[in-house]
Amino acid sequence: MSLVQQQKFAMTLADYFRERLEECGQQLTPPPHEDTLWYMATMLARFGDSDQLFSYDRGEVSIRPLAMLYKDACEAGDPRERCLILRQLGDLALFLGALFPESFARRGILKDYFIGMGGGAYDYLSENSRQNRHIFSELAAMFARMLELVAQVCARQKLFDAADVLNLYQRWRQSRDPRLAGQLLALGISLPESDLH
């Protein structure tokens, strides 16, 4: 798949997540700002690409631990680099804390850890980032509620949850199987017209 096709798919996946976030976010008082919903939707779509979620380190493919990202940010000499690392830290804390809390709880890592790491990262960004400070400020102030919102948006509905949809897309992307494309379409995921033929 070309870069343009990947970007088109990412936007359709981001649109799907934005609609779900907006729908579920209306239950919060006050509801999250539209810019924040777009940011979270884009983040969820970005992590739909395993290359954006996993890193290659010392011969292994894994998700870099949040504490290691925090260490990297503390050691970063350049303020821009620090902000990029802290953004990755905040995004991963939000994503992992919302989608895999049971898996981490079995290892003794509770929700408070994600709230502290993610909320702290976004708080720093709300004061030091070159852009989107209002988004990071809202994410920092409402991190626990945003964790619940992302968890609700990605919760099992019918037979698929967000991880299932992302896995289904990855399989379709590799095989271009029309049956898989049909399943994605049935779930409400728009695929670029050029990729369906």
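**Figure 1. A polar contact between the side chains of T36 and E138.** In this predicted model, the side chain of T36 makes a polar contact with the side chain of E138 at a distance of 2.4 Å. T36 is placed in helix α2, which covers residues 34-46, and its relative accessibility of 0% puts it in the buried class. Leaving aside residues up to four places away in sequence, T36 touches I135, E138, L139 and M146, so that E138, the partner in the polar contact, is also one of the residues in this list because its heavy atoms come within 4.5 Å of those of T36.

Figure 2. R46 forms a salt bridge with D91, and the closest N and O atoms of the two residues are 2.6 Å apart. A network of salt bridges links R46, D91 and R87.

**Figure 3. The salt bridge between E23 and R20 within helix α1.** The closest N and O atoms of E23 and R20 are 3.2 Å apart, and the two residues form a salt bridge. Both residues lie in helix α1 (residues 3-25), and because they are three residues apart there, about one helical turn separates them. R20 has a relative accessibility of 9% and therefore counts as buried.

**Figure 4. The salt bridge between E75 and K71 within helix α4.** Here the side chains of E75 and K71 meet in a salt bridge with an N to O distance of 3.1 Å. The residues are four positions apart in helix α4 (residues 66-75), which means that they are separated by about one helical turn. E75 is exposed, as its relative accessible area is 55%, while K71, with a relative accessible area of 39%, is partly exposed.

**Figure 5. A nonpolar surface patch formed by F54, Y56 and V61.** Together, these three residues form a nonpolar patch on the surface with about 360 Å² of accessible area. F54 is found in the loop that runs between helix α3 (50-53) and strand β1 (55-57). The relative accessibility of F54 is 38%, and F54 therefore counts as partly exposed.

**Figure 6. The whole chain as context for the close-up views.** The secondary structure of the protein chain consists of 11 helices and two strands, and the elements follow one another from the N terminus in the order α-α-α-β-β-α-α-α-α-α-α-α-α. Of the 197 residues in the chain, 41% are buried, and the accessible surface comes to about 10,900 Å², with 52% of this area belonging to carbon and sulfur atoms. Among the contacts with a separation of 6 or more, 66% are accounted for by residues 24 or more positions apart. The structure holds seven salt bridges, including the one between R46 and D91, the one between E23 and R20 and the one between E75 and K71.

Definitions and conventions:
Residues numbered from 1 in each chain as written. Predicted model: local features only at pLDDT ≥ 70, side-chain atom pairs only at ≥ 80, totals over all residues. Heavy atoms only, no water. Patch = residues over 30% accessible without salt bridge, like charges linked within 9 Å, V, L, I, M, F, W, Y side chains within 5 Å. Areas by Shrake-Rupley, 256 points an atom, 1.4 Å probe, with all protein chains shown as cover. Salt bridge = Lys/Arg side-chain N within 4 Å of Asp/Glu carboxyl O. Buried < 20%, exposed > 50% of the residue type's maximum accessible area, 1.4 Å probe, protein only. Polar contact = N/O pair within 3.5 Å; in protein donor to acceptor, adjacent residues only side chain to side chain.
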